[in-house]
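Here is a short note for a colleague who is meeting this structure for the first time. Please read it with the model open alongside.

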Amino acid sequence: MAELVGPFPPGVDPDAYDRQRRRAFWRMPSGIYLLGSAFGGRRNLMTHTWAMQVATRPKLVAVSVRKDALTHELVAGGRAFSLCFVRREDRALVRVFTKPAAEGEGGSLSGVPVRTGSTGVPVLVQAAAWLECEVRGDVDAGDHTLFVGEVVDCSVPDESAPVLRVEDTRLNYGG
Ligand SMILES: Cc1cc2nc3c(=O)[nH]c(=O)nc-3n(C[C@H](O)[C@H](O)[C@H](O)COP(=O)(O)O)c2cc1C
């Protein structure tokens, strides 16, 4: 098992505290997205939750990506990403993209239809909405990198569709 991460309040049992801290993190209300990336002839969609808008002028969105993920290599190289909002009825998609996507027929990824955005990254065709961003900066965040992207294109194909959130799934991340 991985070594527990401190600091620990004085007098606590580190194991019990670690479990409690995890449960506290998992109470954070979160979205769940598909993060599109492409570089050097490779493309990917990744199930992703650590994303947020971080500025209004310019329109900046930050995504935190683990350093050992294929997506990290593709965003770092391609300097762009898409953030696709998944319809609640499409919740099965998020399980598909917890591992690197496979190229499929007709340009699909792991059998899911995508199209290529203006920055060259894949965008989920059946997304409720999506943002496409060019990377303007990256911040080292331990085992992740926070990529800060400026929104250069977007669409809202279905404003009425409820958007999937982590709590609609049995999944969680981090903690
Ligand atoms: C619910 C859920 C949320 C996730 N959120 C993130 C995230 O915010 N950042 C991240 O780097 N990986 C996240 N992951 C992990 C990636 O989906 C997974 O590690 C993926 O296999 C790595 O991406 P890759 O295909 O680019 O190698 C999450 C996984 C799950 C199940």
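The points below go from the chain as a whole to the surroundings of the ligand.

1. This is a predicted model, in which local features need pLDDT of at least 70 and side-chain atom pairs count only at pLDDT 80 or more, while totals for chains, interfaces and linings use all residues. Residues are numbered from 1 along each chain as its sequence is written.

2. The protein chain holds 3 helices and 9 strands, arranged along the sequence as α-β-β-β-β-α-β-α-β-β-β-β; helices (H or I, at least four residues) and strands (E, at least two) are DSSP runs, numbered from the N terminus. With a radius of gyration of 17 Å, close to the 16 Å that the globule rule gives for 175 residues, the protein chain is as compact as a globular protein of that length; the radius is taken over C-alpha atoms, and the rule is 2.2 Å times the number of residues to the power 0.38.

3. Among contacts (C-beta atoms, placed from the backbone, within 7 Å) between residues at least 6 apart in sequence, 63% join residues at least 24 apart.

4. Around the ligand lie 21 residues, of which Trp50, Arg66, Ala69, Thr71 and Tyr173 come nearest; a residue counts as near if its C-beta atom, placed from the backbone, lies within 6 Å of the molecule. β2 (42-48), β4 (60-66) and α2 (70-78) each supply at least two residues of this shell, and the largest share, 4 residues, comes from β2.

Notes
Two residues are in contact if their C-beta atoms, placed from the backbone, lie within 7 Å.
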